[in-house]
Amino acid sequence: MTHIVHSDATIPTTSAQKYIDQLSKHWAHKCDVTHADGVTHVVFPFADLTMHAHPDHLAIRVSTATTEHLEKSKEIFMTHLGRFAFREGSLSATWQDQTA
């Protein structure tokens with residue numbers, strides 16, 4: 001798949017690695033998930049997702065072929081993150097969309 005649209009997000013949290021581990025385990029049942037050099041990569045049929053844990057935030061990049069898939073991917077990510085982060089309250093992301 002050729003990716004022509006991307007979006008980067010920063011989510012303030014001190015539990016970034018915990019959420020990456022939980023999301024990776026969850027998505028590994030249906031998607032390819034790899035970990036290398038502190039970066040987790042998830043390949044969905046319609047998008048690629050990379051996640052990186054920082055002490056005070058979770059950094060994310062979503063790459064897709066269409067803006068429709070980009071919006072769908074961001075929604076899926078935030079919905080799943082919300083399920084795992086319910087104890088922390090509502091987490092918000094600041095998305096920066098880009099076109100290749």
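Predicted model: local features only at pLDDT ≥ 70, side-chain atom pairs only at ≥ 80, totals over all residues.
Close-up 1. With a relative accessible area of 2%, Phe77 is buried. If you look past its neighbours within four places in sequence, you will find Phe77 in contact with Ile11, Leu23, Trp27, Leu49, Met51, Leu58 and Ile60.

**Close-up 2. The largest nonpolar core.** Here we step back to a core of 24 residues, where Trp27, Leu49, Met51, Leu58, Ile60, Phe77 and Leu81 have the most contacts inside it. At least two residues of this core come from each of β1 (5–12), α1 (16–27), β4 (47–53), β5 (57–64) and α2 (67–84). Helix α1 gives the largest share, five residues. As a general point, nonpolar side chains in soluble globular proteins tend to be buried together.

**Close-up 3. Trp27 and its two ring partners, Phe44 and Phe77.** Trp27 counts as buried because its relative accessibility is 6%, under the 20% limit. Phe44 is buried too. The Trp27 and Phe44 ring centres are 5.1 Å apart with planes at 80°, so this pair is edge-to-face. It links distant parts of the chain, 17 residues apart: Trp27 sits in helix α1, and Phe44 in the loop between β3 (39–43) and β4. For Trp27 and Phe77, the centres lie 6.2 Å apart and the planes meet at 40°, so that pair is tilted. Because Trp27 belongs to helix α1 and Phe77 to helix α2, the pair ties together parts 50 residues apart in sequence.

**Close-up 4. The aromatic cluster and a lysine beside it.** Trp27, Phe44, Phe46 and Phe77 form one aromatic cluster. Look also for Lys72: its charged end sits over the ring of Phe46, 4.7 Å from the ring's centre.

Note on methods. Residues numbered from 1 in each chain as written. Heavy atoms only, no water. Core = buried A, V, L, I, M, F, W, Y, C linked by side-chain atoms within 4.5 Å. Buried < 20%, exposed > 50% of the residue type's maximum accessible area, 1.4 Å probe, protein only. Helix = DSSP H or I, 4+ residues; strand = E, 2+ residues; numbered from the N terminus. Contact = heavy atoms within 4.5 Å. Phe/Tyr/Trp six-rings, centres within 6.5 Å; stacked < 30°, edge-to-face > 60°. Lys NZ or Arg CZ within 6 Å of the ring centre and 35° of its normal.
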